Amino acid sequence: MTITIRPLGPTFAGEVSGVDLRAPISQEDVAAIDAGMDRYAVLVFRDQLISDEQQMAFTRSFGAIEVAKGGNITKDDEYRLQEGMIDVSNLDKRGQPLERDDRRRMFNLGNRLWHSDSSYRAIPAKYSLLSARVVAASGGNTEFADMRAAYDALDDGMRAIVEELVCEHSLIYSRGSMGFTELTEAERAMFKPVRQRLVRTHPLTKRKSLYLSSHIGAIIGWPVPEARDLIRDLTEHATQREFVYAHVWRQYDFVIWDNRQTMHRVRRFDESKPRDMRRTTVAGDAMTVEQAPAEAH
Ligand SMILES: [Fe+2]
């Protein structure tokens, strides 16, 4: 079978047919999917009933799997899924929905803010791959925003302002903006802010995009309120409906997105029922900007 892609969204997102993610994938198919990602930034594969092992094997076709460490507050004995798999369900390790006041649930509510996965890492993620094992009866859509189209739509004055800016990203900022501030000293150290360019250039297509994320809490050299005002303005601009594709999940959908070119968020759903979504992540290969020098002691 040959891979075909049909457009889904306004400026991006495509639906792929002609590939079975359970089987080993050929180099030609990997190249076709990579080319599709460069163009569409979000790709949807329907009816892919896969195991965790098959998902990890498929993910490795596109690069190394990102290590999850440092990205959450889940304790070592609380994990439901094996290493390499990121649990974005609402479930504990017994498969039960997390209690309303569970710390992990409150932390995970941050996924309802527009963000780019792992933008709080010095080397941020390339692709995220999400498998829908059990979907919500209603709600729980994932919305994606095209950060290339958002950049293209900026006027010249704003382009000049943002071009060389460097932001600080941290889970402390995104969770703090929701009022979740009860972090231990060890968590604060783990979530130490990192620097990212605000404008990224795709290495192959050379298209520029806005690298926005709710993890941003500061712009280097700017007063904090002024920085947050600009980031809010840009986020509002970038998430206008004309730049957004809303994915309505069906069971066994498999969606890949490029974190370098898009933001996403999940919408609310009935959390009393299981919603089992499993993510793998392809690690990025470079920092977007040099990090701050280590503090002197
Ligand atoms: Fe995410």
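Predicted model: local features only at pLDDT ≥ 70, side-chain atom pairs only at ≥ 80, totals over all residues.
Mentor: Residues are numbered from 1 along each chain as its sequence is written, and side-chain values use heavy atoms, with hydrogens and water left out.

Trainee: Which residues coordinate the iron ion?

Mentor: Donors are N, O and S atoms within 2.8 Å of the metal (3.2 Å for Na, K and Ca); water is not among the atoms, so sites may look incomplete. The coordinating distances here are 2.1 to 2.2 Å, and the donor residues follow the spacing H-x1-D-x146-H in sequence. The residues are His-115 (NE2), Asp-117 (OD) and His-264 (NE2).

Trainee: How many residues apart in sequence are the parts that His-115 and His-264 tie together?

Mentor: Helices (H or I, at least four residues) and strands (E, at least two) are DSSP runs, numbered from the N terminus. His-115 lies in the loop between helix H3 (103-108) and strand S5 (127-134), whereas His-264 lies in strand S14 (residues 262-266), so the parts tied together are 149 residues apart in sequence.

Trainee: Are His-115 and His-264 buried or exposed?

Mentor: Buried means under 20% relative accessible area, exposed over 50%, and partly exposed in between (1.4 Å probe, protein chains only). By this scale, both His-115 and His-264 are buried.

Trainee: How many salt bridges does the structure hold?

Mentor: A salt bridge is a side-chain nitrogen of Lys or Arg within 4 Å of a carboxyl oxygen of Asp or Glu. The count for the structure is 26.

Trainee: With which residue does Asp-152 form a salt bridge?

Mentor: The closest N and O atoms of this pair are 2.7 Å apart. Asp-152 lies in helix H4 (residues 147-152) and its partner in the loop between strand S9 (199-201) and strand S10 (208-210), so the pair ties together parts that are 55 residues apart in sequence. Asp-152 is partly exposed because its relative accessible area is 40%. The partner is Arg-207.

Trainee: Where does Glu-163 lie, the residue that pairs with Lys-208?

Mentor: Lys-208 and Glu-163 form a salt bridge, with their closest N and O atoms 2.7 Å apart. Lys-208 lies in strand S10, so the pair ties together parts that are 45 residues apart in sequence. The place of Glu-163 is the loop between H5 and strand S7 (166-169).

Trainee: Are Asp-258 and Arg-260 buried or exposed?

Mentor: Their side chains meet in a salt bridge of 2.9 Å, N to O. Asp-258 and Arg-260 are both buried.

Trainee: Ala-41 has a positive phi although it is not a glycine; is Ala-41 buried or exposed?

Mentor: The phi of Ala-41 is about 70 degrees, and the residue sits in the loop between helix H1 (27-40) and strand S3 (42-45). Because its relative accessibility is 0%, Ala-41 counts as buried.

Trainee: What is the relative accessible area of Tyr-252?

Mentor: Tyr-252 is found in the loop between strand S12 (244-247) and strand S13 (254-258). Tyr-252 also has a positive phi of about 70 degrees without being a glycine. It is partly exposed, and its relative accessible area is 26%.
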